[in-house]
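Keep the viewer open and follow along.

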Amino acid sequence: MKTIRQIIKTELIKSYKSILGYEPSTPLLNMILRGDRKPNPEVRFDLHQKGVIPFSAWLDIKSYLNDNNSNDSTSRRNEAKNQPKVTS
């Protein structure tokens with residue numbers, strides 16, 4: 001299962017290619033995911049329209065990613081608890 005960071009990274013690459021015509025470098029992607037830089041406004045709009053990440057999340061991307069990662073891992077832990085135990 002992909003994490004929210006992996007999904008956003010993949011969608012960022014797709015948006016950059018379709019809107020701006022080039023693939024962003026790995027350092028640029030890392031700076032965006034760390035919150036040091038924001039993507040081009042057109043790319044942010046595209047990601048918002050696709051439902052990948054809302055505009056408001058770009059105000060504090062670190063918190064958005066951390067909150068979603070913790071919720072995601074919590075739901076995965078709860079799913080694992082609800083699975084029947086397999087005994088041999």
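A salt bridge here is a side-chain nitrogen of Lys or Arg within 4 Å of a carboxyl oxygen of Asp or Glu. With that in hand, look at E11, K14, D46 and K50, which are linked in a network of salt bridges. Before going on, some housekeeping: this is a predicted model, where local features need pLDDT of at least 70 and side-chain atom pairs count only at pLDDT 80 or more, while totals for chains, interfaces and linings use all residues. Residues are numbered from 1 along each chain as its sequence is written, and side-chain values use heavy atoms, with hydrogens and water left out.

Now the overall layout. The protein chain has four helices and zero strands, taking helices (H or I, at least four residues) and strands (E, at least two) as DSSP runs numbered from the N terminus. Reading along the sequence gives the pattern α-α-α-α. Of the 88 residues in the protein chain, 25% are buried; buried means under 20% relative accessible area, exposed over 50%, and partly exposed in between (1.4 Å probe, protein chains only). As for contacts (heavy atoms within 4.5 Å), take those in the protein chain between residues at least 6 apart in sequence: 53% of them join residues at least 24 apart.

Back to the charges. How many salt bridges does a search of the whole structure find? The search turns up five. One of them pairs K14 with E11, whose closest N and O atoms are 3.5 Å apart. These two sit three residues apart in helix α1 (residues 4-20), so about one helical turn separates them.

E23 bridges to K17, with 3.4 Å between the closest N and O atoms. E23 has a relative accessible area of 48% and is partly exposed; K17 is partly exposed too, at 45%. Then there is D36 with R34, where the closest N and O atoms are 2.9 Å apart. D36 counts as partly exposed at 49% relative accessibility, and R34 is partly exposed with a relative accessible area of 42%.

Next, the packing of α1 and α3. Two packed helices are described by the angle between their axes and the distance between the axes. The axes of α1 and α3 come within 9 Å and cross at roughly 120°; axes are lines fitted to C-alpha atoms, for helices over the stretch in contact, and angles run from 0 to 180 degrees between N-to-C directions. That makes α1 oblique to α3, since angles under 35 degrees count as roughly parallel, over 145 as roughly antiparallel, 65 to 115 as roughly perpendicular and the rest as oblique. The crossing of α1 and α3 is right-handed, a label used if the near helix is turned clockwise from the far one by less than a right angle, with anticlockwise being left-handed.

Which residues meet there? From α1 come E11, L12, K14, S15, Y16, I19 and L20, and from α3 come E42, V43, D46, L47 and K50. Zoom in on V43, which lies in helix α3 (residues 41-50) and counts as buried at 0% relative accessibility. Not counting residues up to four places away in sequence, V43 touches L12, S15, Y16, I19 and L20. V43 and K14 are 29 residues apart along the chain, yet their C-alpha atoms are separated by 9.4 Å. Across in helix α1 is S15, buried with a relative accessible area of 0%. Leaving aside neighbours within four places in sequence, S15 is in contact with L20, V43, D46, L47 and K50.

Finally, the rings. A search of the whole structure finds two aromatic pairs. One of them, F45 with F55, is stacked, at 6.1 Å centre to centre and 25° between the planes. The pair links distant parts of the chain, 10 residues apart: F45 is in helix α3 and F55 in the loop between α3 and α4 (61-82). Under the cut-offs, rings of Phe, Tyr and Trp (its six-membered ring) pair if their centres lie within 6.5 Å, and planes under 30 degrees apart count as stacked, over 60 as edge-to-face and the rest as tilted. F45 is partly exposed at 40% relative accessible area, and F55 is partly exposed at 38%.
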